[in-house]
Amino acid sequence: MHQYPDVARFVYQATRIATAQKDYGLARQLFEKQAGAGNLAAMNGLGLLYHNGYGVPKNQAEARKWYEKAAAAGNTAAMTNLGNLYLNGDGVPKDYAEARKWYEKAAAVGQVNAMVSLGSLYLNGNGVPKDYAEARKWYEKAAAAGNTAAMTNLGNLYFNGNGVPKDY
């Protein structure tokens, strides 16, 4: 990265390393550099730092700003993160319909975490009628893409007999 400081991929990978090493100050600097260059993943990364208070004061409004900027340009992880803000009422009023909207946008283009979240909305009846078949549909899509949380949730449907015959 020192030889090629303007190669975006190198800077982004350095950011991932800094984050993994919990050097959030460096991560923020690198995310800001990349976000300024239009990197959507870096914008989402800044949102995560502010959302969790990693290396910066926890600030849900700032997190939402970065998520919205990345989501508007098509970043599906940011769409899912926006859904999570509305699901939990983090810096915004709790709004299951708004959460579902963001999850559906992300799931429509293959974001598996959004699929799992949609399944959970239907499983619990949060902002939608409780619908085990719909929950199962979303969990199956995410499980087919390799998402282990979805696999676990499918197992729980069968274990509890929620919309399917009990099958241990």
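1. Lysine 137 comes out as partly exposed, with a relative accessibility of 32%. Its side chain meets that of glutamate 134 in a salt bridge, 2.9 Å from N to O. Both residues sit in helix H8 (residues 132-144), three residues apart, which is about one turn of the helix. Keep in mind throughout that this is a predicted model.

2. Next, helix H2 (residues 24-36), which holds both glutamate 32 and arginine 28. Their side chains form a salt bridge with an N to O distance of 3.2 Å. The spacing here is four residues, again about one turn of the helix. On the accessibility side, glutamate 32 is at 36% and counts as partly exposed.

3. Arginine 64 has a relative accessible area of 25%, which means partly exposed. For glutamate 68 the value is 35%, and that residue is partly exposed too.

4. Now the helix packing. Helix H1 (residues 8-20) packs against H2 at an angle of about 155°, and their axes are 8 Å apart. That angle makes H1 roughly antiparallel to H2, because anything over 145 degrees is put in that class. The crossing of H1 past H2 is left-handed.

5. Which residues bring H1 and H2 into contact? From H1 come Ala8, Val11, Tyr12, Ala14, Thr15, Ala18 and Thr19. Facing them in H2 are Tyr24, Leu26, Ala27, Leu30, Phe31, Lys33 and Gln34. Sorted by class, this contact of H1 with H2 has 10 nonpolar residues, three polar ones and one charged one.

6. What about H7 and H9, parallel or antiparallel? The axes of helix H7 (residues 112-124) and helix H9 (residues 148-160) come within 10 Å and cross at roughly 25°. That makes H7 roughly parallel to H9, because the class takes in angles under 35 degrees. This crossing, too, is left-handed.

7. The contact list for that pair runs as follows: Val116, Ser120 and Leu123 on the H7 side meet Ala149, Ala150, Asn153 and Leu157 on the H9 side. By class, the contact of H7 with H9 splits into five nonpolar and two polar residues, with no charged ones.

8. Last, a look at the loop between H8 and H9, where alanine 145 is placed. Is alanine 145 buried or exposed? Its relative accessibility is 52%, so alanine 145 counts as exposed; the class begins over 50%. Alanine 145 and valine 112 are 33 residues apart in sequence, yet their C-alpha atoms are 7.0 Å apart in space.

Technical notes:
Residues are numbered from 1 along each chain as its sequence is written. This is a predicted model: local features need pLDDT of at least 70, side-chain atom pairs count only at pLDDT 80 or more; totals for chains, interfaces and linings use all residues. Side-chain values use heavy atoms; hydrogens and water are left out. A salt bridge is a side-chain nitrogen of Lys or Arg within 4 Å of a carboxyl oxygen of Asp or Glu. Helices (H or I, at least four residues) and strands (E, at least two) are DSSP runs, numbered from the N terminus. Buried means under 20% relative accessible area, exposed over 50%, partly exposed in between (1.4 Å probe, protein chains only). Axes are lines fitted to C-alpha atoms, for helices over the stretch in contact, and angles run from 0 to 180 degrees between N-to-C directions. Angles under 35 degrees count as roughly parallel, over 145 as roughly antiparallel, 65 to 115 as roughly perpendicular and the rest as oblique. A crossing is left-handed if the near helix is turned anticlockwise from the far one by less than a right angle, and right-handed if clockwise. Contact means heavy atoms within 4.5 Å. Ala, Val, Leu, Ile, Met, Phe, Trp, Tyr, Cys and Pro count as nonpolar, Asp, Glu, Lys and Arg as charged, and the others, Gly among them, as polar.
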